[in-house]
Amino acid sequence: MPARIWSPDVLGEGFEQLTLPLAPDDEGEVVATLVRHLPPRRGFLRPALPLDGVDVLYVHGWSDYFFQKRLASFFAHRGARFYALDLRKYGRSLRPGQTPGYITDLADYDEDIAAARAAMEPARSLVLLGHSTGGLTLSLWASRHPRAAAAVILNSPWLEFQLSGVRPAIAPVVQIQARWRPMDAAPQVDLGFYARAQAEAADPDDPVTIDERWRPDQTMPVHAGWLNAVLEGHAHVAQGLAIPAPVCVLLSARSAPPTRWSEELTRVDSVLVVDDIARAALRLGPSVTVERIDGALHDVFLSRHDAREEAYARLDRWVSGFVAA
């Protein structure tokens, strides 16, 4: 096996990246990209940290990539080796001529995850961490690989379609469209309000830099083949998964539709219906904790200062319980 060559990452000091070659498809070369942030080397006098021996694997959401340095530092300061995966055709992994984010079966990401895990050797206790569509992807993966993960943490996972009551009716229509015209794109309904909410909620004393090439203000086009894959994932969750590991789900306390701009959108989830996600989360497995955070955005770790600190405090409490168990 050729030596793996880690190179400096765009996030700067302390972050490295590794390109993971995958099987090509009809658009050509396909790769995933693994980013890592390691804890300080353990010196002779350094006391043990609670997450020594733990690897965290993060997977981003739709129209997204990994840029959350604060989140990586949270785990590294507790001793974990933090890894983040830019899936095929997203972010660092997007190649010229590819359809951004396009896939027709979420199980195809098994190859991306397998390549990442191979690069994380020697294997240690694995904690999965997924946001939005990444949370759906990792939930399905953890159910299919029941002995792989010691714990699963989900940040506003997209476990149910926003119109949950009509999903069974629209899914067959989307399935037919995906079969015959998979590249048909749905009308763009994102007005950029979620990106604006994140910008207004940002902490000027602890800024977050986002590359708009990889995370545009308005989401990437939604194609029928991709939407069908997501709806099939939602259907699997609705039937009930069997994740044996403990699961922590972090959600905003409230949702609001982004039909017009208001300051309220800086304190709610304007992407998902969080009550539906909370209910769907209980179908993931036998041990599920749901944390509802007042004032949080869809990505709870990009919320205003107070809500963000509350999210990290809830996560710290849950992780401490996981370690004790």
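Predicted model: local features only at pLDDT ≥ 70, side-chain atom pairs only at ≥ 80, totals over all residues.
**Entry 1: helix 4 and helix 6**

I began with helix 4 (residues 167-180) and helix 6 (residues 224-239), which pack at an angle of about 140 degrees with their axes 9 Å apart. That angle makes helix 4 oblique to helix 6, since roughly antiparallel would need an angle over 145 degrees. For handedness, I noted that helix 4 passes helix 6 in a left-handed crossing. On the helix 4 side, I listed Arg167, Ala171, Val174, Gln175, Gln177 and Ala178 as the contact residues. Helix 6 answers with Ala224, Gly225, Leu227, Asn228, Leu231, Glu232, His234, Ala235 and Ala238. Sorted by class, this contact comes to eight nonpolar, five polar and two charged residues.

**Entry 2: helix 1 and helix 8**

Next I looked up helix 1 (residues 69-76) against helix 8 (residues 305-324). Their axes come within 12 Å and cross at roughly 30 degrees. The two helices are therefore roughly parallel to each other, the cut-off being under 35 degrees. Helix 1 passes helix 8 in a right-handed crossing. Helix 1 makes the contact through Arg70, Leu71, Phe74 and Phe75, and helix 8 through Arg308, Tyr312, Leu315, Asp316 and Val319. I get six nonpolar and three charged residues here, with no polar ones.

**Entry 3: helix 2 and helix 3**

For helix 2 (residues 109-119) and helix 3, I have a packing angle of about 75 degrees and axes 11 Å apart. So I put helix 2 and helix 3 down as roughly perpendicular to each other. Tyr109, Asp110, Ile113 and Arg117 of helix 2 meet Thr137, Leu138, Trp141 and Arg144 of helix 3. The tally for this contact is four nonpolar, one polar and three charged residues.

**Entry 4: the largest cavity**

How many cavities of 30 Å³ or more does the structure hold? I found three. The largest cavity has a volume of about 50 Å³. Its lining is Val59, His60, Gly61, Leu87, Tyr90, Ile103, Leu106, Tyr109, Thr133, Gly134, Thr137 and Trp226. Helix 3 (residues 133-144) gives the most to the lining, with three residues. By class I count seven nonpolar and five polar residues, and no charged ones.

**Entry 5: the second largest cavity**

This one has a volume of about 40 Å³. Leu51, Val54, Phe75, Val127, Ile153, Trp318, Val319 and Phe322 line it. Which helix gives the most to the lining of the second largest cavity? Helix 8 does, with three residues.

Last, I checked an open site. The second largest pocket has a volume of about 330 Å³. Of its 20 lining residues, Leu11, Phe67, Lys69, Val208 and Thr209 lie nearest the centre. Helix 1 turns up again, giving the largest share of the lining with four residues. The class tally for the pocket lining is 12 nonpolar, three polar and five charged residues.

Notes:
Residues numbered from 1 in each chain as written. Heavy atoms only, no water. Axes fitted to C-alpha atoms, helices over the stretch in contact; angles between N-to-C directions. Parallel < 35°, antiparallel > 145°, perpendicular 65-115°, else oblique. Left-handed = near helix turned anticlockwise from the far one by under 90°. Contact = heavy atoms within 4.5 Å. Nonpolar A, V, L, I, M, F, W, Y, C, P; charged D, E, K, R; others polar. 1 Å grid on protein atoms, 1.4 Å probe; cavity = no way out; pocket = protein on both sides within 12 Å on 5 of 7 lines; lining within 4 Å. Points joined across faces, edges and corners; volume = space filled by probe spheres on them.
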